[in-house]
Every structure is written in structure tokens, then in C-alpha cells.
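Here are a few notes to go with the model you asked me to look over. Have it open while you read, and click on each residue as it comes up.

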Amino acid sequence: MAALDLVTPVLSGGGTWRFPANEPLRLDSGGVIEGLEVAYQTYGQLNADKSNAVLICHALTMDQYVASPHPTTGKPGWWPRLVGPGKPLDPARHFIICSNVVGGCMGSTGPASTNPATGRPYGLSFPVITIGDMVRAQAMLVTALGVDTLFAVVGGSMGGMQVQQWAVDYPERMSSAVILASASRHSAQNIAFHEVGRQAIMADPDWRGGAYADHGVRPEKGLAVARMAAHITYLSEPALQRKFGRELQRDGLSWGFDADFQVESYLRHQGSSFVDRFDANSYLYITRAMDYFDIAASHGGVLANAFTRARHVRFCVLSFSSDWLYPTAENRHVVRALTAAGARAAFAEIESDKGHDAFLLDEPVMDAALEGFLASAERDRGLV
Amino acid sequence: MTNTVIREDFREILRLVRPGSRVLDVGCGEGALLDLLAHEKQVDARGLELSASGVAACMARGLSVVQGDADLDLDHFPDRSFDYAVLSQTLQATRKPRHVLDELLRIADRAIVSFPNFGHWRVRWSLLSRGRMPETKALPLPWWSTPNIHLCTLADFMALTADLNLRVDASAAFAGQGPARSMDPASALENWRSETCLFMLSRNGVPASKELPPASGDLFDG
């Protein structure tokens, strides 16, 4: 793809990039998306030798607002521990890029976007997308932003899947990689939980076969249930117990099905606030992309073979001891494949009772490890 | 083992390792040796460490260290991916020392191995006179809390290297707080007097890329 002639400061800060008609996104499923739009945010400036760019890949329910207020919720960015002044990724030193994935609902082309062929929202006519498609679109955006090689590609959970895909598809375009609380493929249990979420959405009468936008409704109840089920998988039993135990909402039981327990009202709140910022069909498509993700499968069933072109990349993989969604064994599987491929990998299991979400939370050991890794990778790259 | 012994151990390893080479330190702890190798010998230093706190400390220092177990994780490294594999005071704590030693010389051209010699006179004396498991400077913990499960003597180790068809490229001994001294590993006397032993080993038949180390001084200075 020819680099687009763009001046970086124009794009700095972010917006939506619409790719020209002669640059369609070619999908793993065989389809194409013409006039692809990718919404993104940037922080900091690209340096003179274009060596300080960092791509942050977001998780399933996140978006491009990694370090700036979310336009819907007003909450500050979702990864303040990693990105910000004085943080391991600092806009004063790094050119930080975060884009909304293809299929998402925060400005990138997704099932809620208008299908140019019909003039109506895609709905289920949106093509099935993969993690590979998301990464291909990111690579096009990175090129459009004038960046050839990224100093680092960083992500947790689904973001960590994208980082692995980058290492498979574009290893020559990156010098270091951070993979947190992730896996090289979904287990049957992962797929099972996602299926519960999808079925909840599709069972909502307001889903209308995916064409709810045409009817001016939204399957809010189904999406909220999907979020509630998923949210449990992001936490750990000890964390839930510590936060809520069996504490009641009020004096005594309702002898009915109101939210008697605090954990019930917490989950209801998680579900209802999620529907304000997320699209139900996007949830279907992105969870499907995660279920289909299987790097080894496309490399003769041997994960190490997938990473052989990434030998020069420095990797940092971190898992969390109480993460039962992407447990340490799944992360270690990735590390062993990287090692067997001859790549330079650092790996630690961080002791935490916060479950899968630990990578977004207060974990000083993780902070120190990431800071050390990124600082050393910066020295390798000649940034400091 | 005391810090002084570790320091002498590291000093000897630093002397043996070629500048700019690729080194894997198995059981690297908080990365003290890796840090020395990286800064004093410009080594491409990597580590394998069992403890989470050790790995986290290494990462915070910017070292490439994988949390893992020598008994299980050496298998995942490709053949000859390192110039040296270091096993400092760890062999006796592995479940499968023979396998670990064999693996070290699959993934690296040279293995640098140090271990406390159970044939040292203090150990023999302690066992003979008191009839108790020895607690010495090199073996400081009581039997029920020591991580060491496969202790051996210098003579035992030499028998294992012969069994694995390994060549001794360098050997050194440490006693008390003294500096390293070269030793003849076949000598019965050394099996009495060496508190801690250190070897550089290679496979018989693999050509040495450097000459054997002289008795003292930095091999690679000048």
C-alpha cells in the first residue's frame, strides 16, 4: 500500500480516517469493505526519525479513548496507569496511536454503519470480521499516519490477540510488543461464555434479526445480560467476595426478584451502563472474531511457526494469577512458542486476586515490569 | 551459600564469558549476574527464573527473563540458541539434574555450572562426627528447608560429565571467602578441599571457538 501523503500534525489528536476507494479492506472471510473508516486518537508527536510511535490495541469493550475522556460516559481514558505524563507511555516522548477496531461502534466501520449498497445500516449484512482484519486496518491507519515501524505494539486481552497478530503479519513493522492477560486462541469455555452473551442479545425481541436500527429500537435487555455474564468472567471469586460478599441492598429480603444482594445491583448497573456506550451487533461481531482467532491453526498447528519472522521483536508477556478467563497456562503457551521461535520474550505471572481485569487496575508489580520493559526497549531502539 | 561466594562465582563467570555473546542464566534470581553480564560484557542476557518476585525484579531492571522451571522450560528453547547457558548454584535444586545438564548443552555451546561440593571436608566431617546433615557456608539451611534435593560431590559430577560425554573446558574452586582458584577436577584432594565448584563444559566433538582460559585475569582484556 502506498503511504498516503499526510502531514502528521493535521491528524494529531485523532478523528476518523476514511480510506480511499482504491484501498478497500480485504477480509479473511473473502469479502471487502470499501471506503473503510477507522476512528482513532493520537497523543504526542511523531519524532523526526519516526521511531517513537506506539500502537495500543484495545480490548473487546474498550475503544480509542485510551487517555482522553470518553464522549459518551465522560470518564477519563481507560488505561491511565500506562498512558499519560510521567507514565511508561508518555505523550512527551511517544507518539501514541489507539484506534477503534473494525466492527466496533465508536466511529470505525461496523454493523451500525451505513451500508453504501443499501443506504441503511449494515446490521447482519456486515461481513464477519477477524482479529486479522482488525490488525490489517490498523496497519493501514499506521501507514496513513506516516509511521513505517512502531516502537511498540501494546494490548491486553483482545488487544493482546491483536499484538500477536501484528507479530505474525507485520513483524518487520514493530520492534517491541506487550501482551497482557491474553491467549493465542479461545478455549471451549471462552467460546461458551461468548455464546451465552450472543444468545442473550439474539433472544431479545428488540433485536429484530439484527435490523433493530431500522425499527428504531435497541436490544438493551439482551446486551445488558451479555455484559453481566461477561463481567463475571472479568473478575475473580475472591474479588467479588471481597467487594460484595452476601451483603444486602436494604434491610431484609424482598421475598421477590428485586436486586436484594449488592452484587446483583452491581451487575445490573454494569449491564445498563454498558448499553449506553456499546452496540449489540458490534458485540456479536467482535466476540465472533475472538472465537475465530487461532494463530497456530493457520501455521500448521504449531504456534512457534507463526512467530518465526518475529525473532527480532522484544516481547513482554504478563499474566495474572487469578485470571480464569485467560489463565497463566494460556499466556505461558504463547511465551513458550515465542521462545521456541527464538524471540526474546520476558514473562511473569503477577500475583493478584483481581481476575482478568487486573491489567487495567492498580497492580504496582505490573507497572514496574512494564516500565522496566519499555525503558529497556526504548534504549534498544535508540530513543533515549 | 554466602554473598561473598556468589560474588566470586559471578566474577569467575564474567571472566569466562566472551563479550557480546548470548547468555541464558537459568535460575537467575533478581538478575544480578545478568545485569553484570549486560553492562560489563555487552552480553545479550536472558534469564529463566522460578520465583515471580525474582522475575518482576528482573523486568523492572529491563532484563528479558521468563518465569519458568529449569526442569520443564529448557525444552522450549531451540538448539544452540545461546553461546553460554549458566546454571549458578541451581543444579542441586533441580528434579532432573542429568536432563537439565544435557539440555543446557543442547541450547548452548557451553554450559557454566556451579554447585556446592558435598565431598568438601566440612561436609564429610559434619556427617561423620555429628551424624547430622551438614550445615555449612555453602549449604546453610537445615535439611528440612533446603531447596537442594540432588546434592553431589565433585567426583559424582565428574562421573556425570563422563556419562554425558562432556568436556571440561575450565574448572575452578572456591572455599570460604577466598577468590576462585583453578583446580584439577580429577584430583581426589580437590574433592576434599573445594567448597564450591564451577565448570565450563562443552560437548566432546563441538569445536571450541576460544582457547581454554588462562589461570587468572580477564580472558578478554586486551
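1. Start with Asp323(A): you'll find it in the loop between strand E11 (314-320) and helix H10 (328-340) of chain A. Keep in mind that this is a predicted model.

2. Is Asp323(A) buried or exposed? Its relative accessible area is 2%, and the cut-off for buried is under 20%, so Asp323(A) counts as buried. Setting aside neighbours within four places in sequence, Asp323(A) is in contact with Ala181(A), Gly355(A) and His356(A).

3. Now hop over to His356(A). This one sits in another loop, between strand E12 (344-350) and helix H11 (364-381) of chain A. His356(A) is buried too, at 1% relative accessibility.

4. What does His356(A) touch, again leaving out neighbours within four places in sequence? Its contacts are Ser157(A), Ala181(A), Thr233(A), Tyr234(A), Asp323(A), Leu325(A) and Tyr326(A). With Asp323(A) there is also a polar contact between the side chains, at 2.9 Å.

5. Why look at these residues together? The UniProt record, an unreviewed entry, has an "active site" annotation covering Ser157(A), Asp323(A) and His356(A). They span 200 residues in sequence, but no two of their C-alpha atoms are more than 10.7 Å apart, so they gather at one spot. From this set, Ser157(A) and His356(A) are part of the lining of the largest pocket.

Technical notes: Residues numbered from 1 in each chain as written. Chains lettered and ligands numbered in written order. Predicted model: local features only at pLDDT ≥ 70, side-chain atom pairs only at ≥ 80, totals over all residues. Heavy atoms only, no water. UniProt positions renumbered as here; feature names shortened; annotations may be inferred. 1 Å grid on protein atoms, 1.4 Å probe; cavity = no way out; pocket = protein on both sides within 12 Å on 5 of 7 lines; lining within 4 Å. Helix = DSSP H or I, 4+ residues; strand = E, 2+ residues; numbered from the N terminus. Buried < 20%, exposed > 50% of the residue type's maximum accessible area, 1.4 Å probe, protein only. Contact = heavy atoms within 4.5 Å. Polar contact = N/O pair within 3.5 Å; in protein donor to acceptor, adjacent residues only side chain to side chain.
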